[in-house]
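Visitor: I would like to learn how to read the features of a structure like this one. Could you take me through it step by step?

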Amino acid sequence: MIILLTGDNFYEIDRELGRIVVEFDGEAEQLDADSLDPRNLTDIFSGVSLFSANRLVVIKRLNENTAVWEALARWLDKPSDTTLVLVEPKVDKRTKSYKALAKQADVRIFTAWTEHDALKAEKWLLDTASSDGIALSRDAAREIVVRRGTEQYQLLNTLLQLAV
């Protein structure tokens with residue numbers, strides 16, 4: 001199975017990746033995309049773990065390694081016990097590999113919030129504060145969103161600073 005996490009909402013991408021890793025029964029492997037070459041795809045898709053029947057391999061920004069990214073398309077239809085999670089904030093949708101991924105992989109797109117999502121950001125901020133046991137009024141949440149914008153990591157950092 002291949003999962004592609006893409007988009008410009010880094011908070012949601014990180015949260016989804018964390019959820020995938022926690023739900024996996026075993027140890028996730030993190031590979032450095034810069035150090036890979038096309039021959040490593042054989043190990044990724046055909047390799048076996050000594051400790052588990054299934055593997056979870058996470059690679060961030062693989063599309064920056066053009067040689068491996070282009071070779072990836074040839075491996076997508078082969079059966080494998082490896083779950084490969086690709087984290088690609090920016091991916092070129094014109095490439096052969098992306099088109100193959102779009103057909104065969106689980107593509108999850110996370111878009112950043114804009115000014116039009118201010119109410120959504122306020123609600124998220126209030127929910128996050130409540131779940132973390134931080135008292136936050138609706139007016140304070142609105143003011144934080146007005147001053148800091150709708151980027152979730154900015155909002156979370158501001159909330160944590162206020163909690164101190």
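**Reading the sheet and its helices**

Guide: Five strands form an open sheet with parallel pairing, in the order β2-β3-β4-β1-β5; two strands pair if DSSP finds at least two bridges between them. Strands (E, at least two residues) and helices (H or I, at least four) are DSSP runs, numbered from the N terminus. Because β2 (28-32) and β5 (106-110) stand at the edges, each with a single partner strand, one side of each is left without a neighbour in the sheet. From one strand to the next, the twist averages 20 degrees. This is a predicted model, in which local features need pLDDT of at least 70 and side-chain atom pairs count only at pLDDT 80 or more, while totals for chains, interfaces and linings use all residues. Residues are numbered from 1 along each chain as its sequence is written, and side-chain values use heavy atoms, with hydrogens and water left out.

Visitor: How many bridges join β3 to β4?

Guide: Six bridges join strand β3 (residues 55-60) to β4, and the two run parallel; Val57, for instance, has Leu84 in β4 as its bridge partner.

Visitor: Which strands does helix α1 touch?

Guide: Contact means heavy atoms within 4.5 Å, and angles run from 0 to 180 degrees between N-to-C directions, with axes as lines fitted to C-alpha atoms, for helices over the stretch in contact. Helix α1 (residues 10-23) packs on the sheet and touches β1 (2-7), β2, β3, β4 and β5, its direction making about 160 degrees with that of β1. Helix α4 (residues 96-104) lies across β1, β4 and β5 and runs at about 105 degrees to β5.

Visitor: Is Thr83 buried or exposed?

Guide: Buried means under 20% relative accessible area, exposed over 50%, and partly exposed in between (1.4 Å probe, protein chains only). Thr83, which lies in strand β4 (residues 82-88), counts as buried because its relative accessibility is 18%. Not counting residues up to four places away in sequence, Thr83 touches Met1, Ile3, Arg55, Leu56 and Val57.

Visitor: Which residues of α6 are buried, and which are exposed?

Guide: In helix α6 (residues 138-148), Ala141, Ile144 and Val145 are buried. They cover an arc of only 95 degrees around the axis, which puts them on the same side of α6; the arc is that of the directions from the helix axis to the C-beta atoms. On the other side of α6, Asp139, Val146 and Arg147 are exposed, whereas the cover over the buried residues of α6 includes α5 (118-131) and α7 (152-163).
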